[in-house]
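Here is a short report for a first look. Please view the sequence and the structure before reading on.

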Amino acid sequence: MIIDCHVHDSKYSADSHLDLYEAIDGAKSMGLDGICLTNHDNNTLKDEIGESAIINGVLVIVGAEVITFEGDILTFGLKDIPKEMVSAEELLTLVKKNNGIAIAAHPFRNNNRGIGNNIIRLSSLLTGIEAFNGSTYYEHNMEAYSLANRLNLPVLGASDAHRLEKLGTYAT
């Protein structure tokens with residue numbers, strides 16, 4: 001399966017210009033098998049479609065991109081997202097307690113939203129690293145890829161799409 005693991009829709013991420021069904025149709029037309037909707041600090045879409053659904057032949061998995069004091073983490077399997085900002089360790093412990101998945105999102109992006117080298121101390125709580133992000137500079141992606149390999153953590157790719165033209169830039 002080929003899945004874009006980091007997509008935002010305009011209904012639940014204010015900075016996105018991508019409608020859910022436009023994303024699904026776009027994913028299908030480019031041959032993606034699925035997309036993960038990881039809206040900013042919420043997984044509210046799950047109230048509409050559940051944790052996952054097949055829509056128009058495309059697997060849609062609901063997660064969230066959660067900002068922590070250290071940076072962004074993609075989470076899957078959490079029933080409730082913390083209402084206030086927490087530390088990365090606190091969020092990752094909560095994810096682990098709920099048998100969820102936690103992926104360091106764009107860890108070396110130059111906008112203070114990546115957890116960067118905090119990955120080293122948090123590696124035992126992470127499921128993987130988004131080393132290939134379609135909205136991050138190549139050098140920063142390569143830095144994440146190198147660290148993931150050094151720590152023997154799984155590497156994922158995702159578009160971080162907020163617009164249709166970015167969808168599928170990277171996928172897993």
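Which residues form one aromatic cluster? They are F132, Y145 and Y170.

## Ground rules

This is a predicted model: local features need pLDDT of at least 70, side-chain atom pairs count only at pLDDT 80 or more, and totals for chains, interfaces and linings use all residues. Residues are numbered from 1 along each chain as its sequence is written, and side-chain values use heavy atoms, with hydrogens and water left out.

## The aromatic cluster

Two aromatic pairs are counted. Rings of Phe, Tyr and Trp (its six-membered ring) pair if their centres lie within 6.5 Å; planes under 30 degrees apart are stacked, over 60 edge-to-face, and the rest tilted. F132 and Y145 make a tilted pair, 5.3 Å centre to centre with 45° between the planes. F132 lies in strand 7 (residues 128-133) and Y145 in helix 5 (residues 138-151), so this pair ties together parts 13 residues apart in sequence. Helices (H or I, at least four residues) and strands (E, at least two) are DSSP runs, numbered from the N terminus.

F132 also pairs with Y170: the centres are 5.6 Å apart and the planes at 40°, so this pair is tilted. Y170 lies in the segment after strand 8, so the pair ties together parts 38 residues apart in sequence.

Buried means under 20% relative accessible area, exposed over 50%, partly exposed in between (1.4 Å probe, protein chains only). Y145 is partly exposed at 35%. Y170 is partly exposed at 29%. S159 is buried, at 0%.

S159 is found in the segment after strand 8 (155-158). Contact means heavy atoms within 4.5 Å. Not counting residues up to four places away in sequence, S159 touches several residues, including D4, N133 and Y170.
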